[in-house]
Amino acid sequence: SLLLAAYLGTYAVGVYGAAHRVVLSLVALGWLYHFNLFPAVARRLRTGEKASFDALVLPSFRIVAWAGIGFAAIGGLLASLVCTALFGHEFAPAAVPLQLLLWTVPVSLLSGHARWTLVAADRQGFVLAAQAAGAIAAVLVGWPAIRTFGASGAAATMVIATLVVWLVAHFFTVRCVRPLPLLGPLVRPLLIAALAYSSAVLAVAGAIPRGLIAVVVYVLCALLVDRKLIEHVRTLLDAL
């Protein structure tokens, strides 16, 4: 926000802030999810039984991957409608920053598995190191990105910084606590999200019809290609 104000003035800050406000409220739901999952994770980690820990964390990771990636992709189709409905037509330029910032939601949710596992293992210092790495990345990337792309550059910077936090937290978790999944469970959700997004854009015009088509395509394909998804949902609900 400070870099935006310095380079482009307060209007750019307002455009970015509108998109960021929407996404921050969504990320807060992610905090609530991991806060409720944390006691179960901590109990399994304390027992030292890897199978018990994996039986909870791996299904959670896959469910979050499907839900978060689908939400970010489909939400991008509705970004313009959301911005104008919430803030007025003056904030229509916030649609592109919102489309980018929506990807911080799945990244933050996925990285929560590593960050909260570190907390459960009394390795909070590594969480601080991951957050510091993200802050440094935000400054290094944001400086040129904001000057070149404005509010959209700021949004892209936040996505990159969130990814850095995840990668650093994942590195420390795998090295010092427990192995965690990373890229494998993301392949199918990303491919299906791309299919749903492109199908909706090519099929119809209008944000709401596109959103409905994308939801139908994404959900049906998810259930077809991941037959254990419903089982994982039940496992997670039982644990909570």
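Reply: Begin with the words for burial: a residue counts as buried under 20% relative accessible area and as exposed over 50%. Keep in mind too that this is a predicted model. With those cut-offs, Leu 191 and Leu 202 of α9 are exposed.

Me: Which residues of α9 are buried?

Reply: Pro 189, Ile 192, Ala 193, Ala 196 and Ala 200 are the buried residues of α9. Viewed down the axis of α9, they fall within an arc of 105°, so they line one face of the helix. Leu 191 and Leu 202 lie on the other side.

Me: What covers the buried residues of α9?

Reply: The cover includes α3 (50-77) and α10 (207-225). As for its length, α9 spans residues 187-203 and reaches 24 Å from its first C-alpha to its last, close to the 24 Å expected at 1.5 Å a residue.

Me: How do I read α10 in the same terms?

Reply: List the buried residues, then look down the axis. In α10, Gly 211, Ala 214, Tyr 218, Cys 221 and Ala 222 are buried. Their arc is within 115°, so they line one face of α10. On the other side, Ile 208, Leu 212, Leu 220 and Leu 224 are exposed. α10 has 19 residues and reaches 27 Å, first C-alpha to last.

Me: How many residues of α3 are buried?

Reply: The count is 20 of 28, so α3 is largely enclosed by the rest of the structure. α3 reaches 40 Å from its first C-alpha to its last, close to the 40 Å expected at 1.5 Å a residue.

Me: Now the pockets. What is the general idea?

Reply: Rolling a probe the size of a water molecule over the atoms shows where empty space is left. In this model, the largest pocket has a volume of about 410 Å³. It is lined by 18 residues, and those nearest its centre are Val 27, Ser 108, Gln 131, Met 158 and Thr 162. Two or more lining residues come from each of α2 (10-47), α6 (104-120), α7 (124-149) and α8 (151-176). α2 gives the largest share, five residues. By class, the lining has 10 nonpolar, seven polar and one charged residues.

Me: Is Ser 108 buried or exposed?

Reply: Ser 108, in helix α6, has 12% relative accessibility, so it counts as buried. Leaving out residues up to four places away in sequence, Ser 108 touches Val 27, Arg 115 and Thr 162. Ser 108 and Gly 30 are 78 residues apart in sequence, yet their C-alpha atoms are 7.4 Å apart in space.

Me: Which residues line the second largest pocket?

Reply: Gly 30 is one of them, and others include Leu 26, Tyr 33, Ile 63, Phe 71 and Leu 109. This pocket holds about 220 Å³ of space. α2, α3 and α6 each give two or more residues to its lining, and α3 gives the most, with five. The lining has nine nonpolar, two polar and no charged residues.

Me: What should I look for in the backbone angles?

Reply: Most residues other than glycine have a negative phi. Asp 122 is not a glycine, although its phi is positive, at about 60°. Asp 122 lies in the loop between α6 and α7.

Technical notes
Residues are numbered from 1 along each chain as its sequence is written. This is a predicted model: local features need pLDDT of at least 70, side-chain atom pairs count only at pLDDT 80 or more; totals for chains, interfaces and linings use all residues. Side-chain values use heavy atoms; hydrogens and water are left out. Helices (H or I, at least four residues) and strands (E, at least two) are DSSP runs, numbered from the N terminus. The expected span of a helix is 1.5 Å times one less than its number of residues. Buried means under 20% relative accessible area, exposed over 50%, partly exposed in between (1.4 Å probe, protein chains only). The arc is that of the directions from the helix axis to the C-beta atoms. Contact means heavy atoms within 4.5 Å. On a 1 Å grid over the protein atoms alone, a cavity is a set of points where a 1.4 Å probe fits but cannot get out, and a pocket is an open set with protein on both sides within 12 Å along at least five of seven lines; lining residues have an atom within 4 Å of a point. Grid points are joined across faces, edges and corners, and a volume is the space filled by probe spheres set on the points. Ala, Val, Leu, Ile, Met, Phe, Trp, Tyr, Cys and Pro count as nonpolar, Asp, Glu, Lys and Arg as charged, and the others, Gly among them, as polar.
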